[in-house]
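This briefing is for a reader meeting the structure for the first time. Look over the sequence and the model below, then read the points by topic.

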Amino acid sequence: MSHSTIDLTDLTRTLSDAAPAADATGAFPWVGIQAVHKSGLLESTVGTRFGGTGASLAETGRILAALGRGDPSVALISAMTIFTHLGEASRNRWPEGLYRRLLNEAKERPILLNAARVEPDLGSPARGGLPDTLARRSPHGWSITGKKRFVTGALGLTHFLVWARTDEEPQRVGTFVVPSGLPGINVIENWRSLGMRASGSHDVEFTNVEIPREDVLDLTDIAAGTQDNRAHASMTLALTAIYLGAAEAAQEAFVRFAHERVPSNLGYPIARTERFVTLAGEIDLQVSGARQIIFDALDYGLDSPERLIRARLLAGRQIRQAVQLAVGALGNPGLSADVGIERHFRDIQSVLVHAPQEDTAISILGRAALEQSAKTQRPPELSPTLVSRSILKTG
């Protein structure tokens, strides 16, 4: 199925209907994931050379915004697979036989992929450093041992993409494709977050997990293994579209409540009061403005990492502010699960916690600004008085 023929409205509604139960229990959101799988969107970015439709990054952002309006947790789990295919469409990273097998399997069931990179001691690779997770040579391939944190969708993934260093001399670092269900994999169900509860971003422990020797991506010298945050700026911005979708859902809930709420002492909907007209305008400015910022950058700014990073920070801050405003304006109803804004408020708190985190992104912009300023500054010229004095002293 082509991504261009999918009715995203119906899919969003399906995800939205299932989201409250998944949020309440924290169980893996199979209803939403199965719906995304049936729509074909998990493979929407598969390259044309593999028979896919090759959705662009901007198209991917719009897809993720629609999924985020329904259930941001489902959107985030889906995004990890969608981004993996997007990367392979432009680079030959995967062993072709393995990749084609996964695409064939995806016709029958959801094939869910995600990188396992964050570690308890290291933290996020976005801040530098190398993994403790070790890939040892074994008679038939690699043996993987280590612990990873915040592995989104852990209980439903079909493959973990495990970032690890080798036991060779000299050491190398790479991403090892580890199918779920192998002996030695233990998902530690410890995800207890304020929001994105159904994303199931649990810890995963790998103990002597055996995989074939060829099932590794980007195996390179350890000195070249540091994450390049500028290179990932476009995908990180597209990820922000998930939270844009959640903010749009919160905005819709706010407007619906304003039309439906008729206080007895007023006699007409609060949507007709000047206060709520102004609030609706402020929320629209922030949310619709964030949409413009995100997609202007994805449509026209892919050649500028700084523009993409700037767009992500501005849009993320506006999204948080808009939903905070909506919750505060409604008082107790805004904090009630019955109205629906409360869940969106919790989910949106994660908008800027994805790597690189806000402080790291700000530092990238600061360094770029200072470097650009240094390049454009000319050496100071001596004033005529100083020049005269210099001549007199040497004369």
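Pro131 is in contact with Glu119, Leu122, Lys148, Trp163, Ala164, Arg165 and Val173, leaving aside residues up to four places away in sequence. The model that shows these contacts is predicted.

- Pro131 sits in the loop that runs between strand 1 (113-116) and strand 2 (134-138).
- Its relative accessible area is 1%, and because buried means under 20%, Pro131 counts as buried.
- One of the residues that Pro131 touches is Arg165; the two are 34 residues apart in sequence, while their C-alpha atoms are 6.4 Å apart in space.

**The protein as a whole**

- The protein has 395 residues, of which 50% count as buried.
- It contains 11 helices and eight strands.
- Three domains divide the protein: domain 1 (6-110), domain 2 (113-222) and domain 3 (227-371).
- The C-alpha trace spans about 90 × 75 × 40 Å along its principal axes.
- Of the contacts between residues at least 6 apart in sequence, 74% join residues at least 24 apart.

**Where domain 1 meets domain 3**

- The centres of domain 1 and domain 3, taken over C-alpha atoms, are separated by 22 Å.
- In the contact between these domains, 20 residues of domain 1 meet 20 residues of domain 3.
- The size of an interface is often given as the accessible area lost when the parts come together.
- For domain 1 and domain 3, the area buried between them is about 1,600 Å², with 69% of it on carbon and sulfur atoms.
- On the domain 1 side, the residues that lose the most area to domain 3 are Leu57, Arg69 and Pro72, which together make up 32% of what that side buries.
- Three salt bridges are found across the interface of domain 1 and domain 3, and three residue pairs are in polar contact there.
- Helix 1 (8-25), helix 3 (57-70) and helix 4 (72-90) each supply at least two residues to the side of domain 1 that touches domain 3.
- Helix 3 gives the most to that side, with nine residues.
- Sorted by class, the side of domain 1 that touches domain 3 has 13 nonpolar, four polar and three charged residues.

**Salt bridges**

- How many salt bridges does the structure hold? The structure holds 19 salt bridges.
- Asp299 pairs with Arg62 in a salt bridge, with the closest N and O atoms 2.9 Å apart.
- Because Asp299 lies in helix 7 and Arg62 in helix 3, this pair ties together parts that are 237 residues apart in sequence.
- Both partners are partly exposed: Asp299 has a relative accessibility of 34%, and Arg62 has a relative accessible area of 36%.
- Arg346 forms a salt bridge with Asp23, where the closest N and O atoms are 2.7 Å apart.
- Asp23 and Arg346 also belong to a network of salt bridges that links Asp23, Glu342 and Arg346.
- The side chains of Arg320 and Glu358 form a salt bridge at 3.7 Å, N to O.
- Arg320 is in helix 8 (residues 305-330) and Glu358 is in helix 10 (residues 358-376), so placed that the pair links distant parts of the chain, 38 residues apart.
- Arg320 counts as partly exposed, at 26% relative accessibility.
- Arg109 and Glu105 meet through their side chains in a salt bridge of 2.7 Å, N to O.
- Arg109 is partly exposed with a relative accessible area of 39%, and Glu105 is partly exposed with a relative accessible area of 31%.

- Gln286 has its place in helix 7 (residues 274-300).
- Is Gln286 buried or exposed? Gln286 is buried, because its relative accessible area is 12% and buried means under 20%.
- The residues that Gln286 touches are Gln318, Gln321 and Ala322, not counting residues up to four places away in sequence.

Key. Residues numbered from 1 in each chain as written. Predicted model: local features only at pLDDT ≥ 70, side-chain atom pairs only at ≥ 80, totals over all residues. Heavy atoms only, no water. Domains from an automatic or database assignment. Contact = heavy atoms within 4.5 Å. Buried area = accessible area lost by both parts, 1.4 Å probe. Salt bridge = Lys/Arg side-chain N within 4 Å of Asp/Glu carboxyl O. Polar contact = N/O pair within 3.5 Å; in protein donor to acceptor, adjacent residues only side chain to side chain. Helix = DSSP H or I, 4+ residues; strand = E, 2+ residues; numbered from the N terminus. Nonpolar A, V, L, I, M, F, W, Y, C, P; charged D, E, K, R; others polar. Buried < 20%, exposed > 50% of the residue type's maximum accessible area, 1.4 Å probe, protein only.
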